[in-house]
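Thank you all for coming.

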Amino acid sequence: MVPGKNTPIGAIAGGTVRVSGMGGAYGEYAIIDHQIDGQTVSSLYAHMVVGSSPLRVGDRVNVGDLVGLVGNSGVSTGAHLHLSILLGGTLQIDPQLWLETNAGRVL
């Protein structure tokens, strides 16, 4: 997703921060675990501006809370948001399809 460098990134749903920090190819990134419809759904946000994420492991977040700013850290050729949706915390699915299906729901 290419919303522009320094665009604020909001959490897709409430949850608990599992990972926050630097991660090789991902650069500055975070993973938030959510409980949605009785299952764990994790959201991964990568390539953020270094130092822009206020999140710490174990933090509780609400939908829309600041995750960080769109950036170009890690292995990246330009500022963008790498967003992954992980069912069960590990199985990657199409994030665009997931967002289209779930946007606007009370999660």
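By accessible area I mean the area that the Shrake-Rupley method gives with a 1.4 Å probe. On that basis the accessible surface of the chain comes to about 5,500 Å², and 55% of this surface belongs to carbon and sulfur atoms. Please keep in mind throughout that what you see is a predicted model.

Let me stay with the whole chain for a moment. For 107 residues, a compact globule would have a radius of gyration near 13 Å, and because the chain itself has 13 Å, the two agree. Taken along the principal axes, the C-alpha atoms fill a box of roughly 35 × 30 × 25 Å. Of the 107 residues, 38% are buried. If we take the contacts between residues at least 6 apart in sequence, 56% of them join residues at least 24 apart.

Now to the secondary structure. The chain has eight strands and one helix, and read from the N terminus the order is β-β-β-β-β-β-β-β-α. Six of the strands form an open sheet in the order 5-2-3-4-7-8, and the pairing is antiparallel. Strand 5, at 60-61, and strand 8, at 91-93, are the edge strands, each of them pairing on one side only. Within the sheet, strand 2 (residues 15-22) pairs with strand 3 (residues 28-36) in the antiparallel sense over six bridges, and Met 22 stands opposite Glu 28 in strand 3. Helix 1, residues 95-102, lies across strand 3, strand 4 (39-48), strand 7 (82-87) and strand 8, and runs at about 75° to strand 7.

Is Ser 42 buried or exposed? Its relative accessible area is 0%, which is under the 20% cut-off, so Ser 42 counts as buried. Leaving aside neighbours within four places in sequence, the residues in contact with Ser 42 include Ile 31, Ile 32, His 34, Ser 84, Ile 85, Leu 86 and Gly 89.

Ser 43 is also found in strand 4, and Ser 43 is buried, with a relative accessible area of 0%. Its side chain makes a polar contact of 2.7 Å with the side chain of His 34, while a polar contact of 2.8 Å joins the side chains of Ser 43 and Tyr 45. Not counting residues up to four places away in sequence, Ser 43 touches several residues, among them Ile 12, Ala 30, Ser 84 and Ile 85.

My last point concerns the backbone. Most residues other than glycine have a negative phi. Which value does phi take in His 47? Phi of His 47 is near 70°, a positive value in a residue other than glycine; His 47 is found in strand 4 and, at 4% relative accessibility, counts as buried. Asn 6 likewise has a positive phi, near 70°, but Asn 6 is placed in the segment before strand 1 (8-10) and is partly exposed, with a relative accessible area of 43%.

Technical notes. Residues are numbered from 1 along each chain as its sequence is written. This is a predicted model: local features need pLDDT of at least 70, side-chain atom pairs count only at pLDDT 80 or more; totals for chains, interfaces and linings use all residues. Side-chain values use heavy atoms; hydrogens and water are left out. Two strands pair if DSSP finds at least two bridges between them. Helices (H or I, at least four residues) and strands (E, at least two) are DSSP runs, numbered from the N terminus. Contact means heavy atoms within 4.5 Å. Axes are lines fitted to C-alpha atoms, for helices over the stretch in contact, and angles run from 0 to 180 degrees between N-to-C directions. Buried means under 20% relative accessible area, exposed over 50%, partly exposed in between (1.4 Å probe, protein chains only). The radius of gyration is taken over C-alpha atoms; the globule rule is 2.2 Å times the number of residues to the power 0.38. A polar contact is a pair of N or O atoms within 3.5 Å; within protein, one must be able to donate a hydrogen and the other to accept it, and residues adjacent in sequence count only if both atoms are side-chain atoms.
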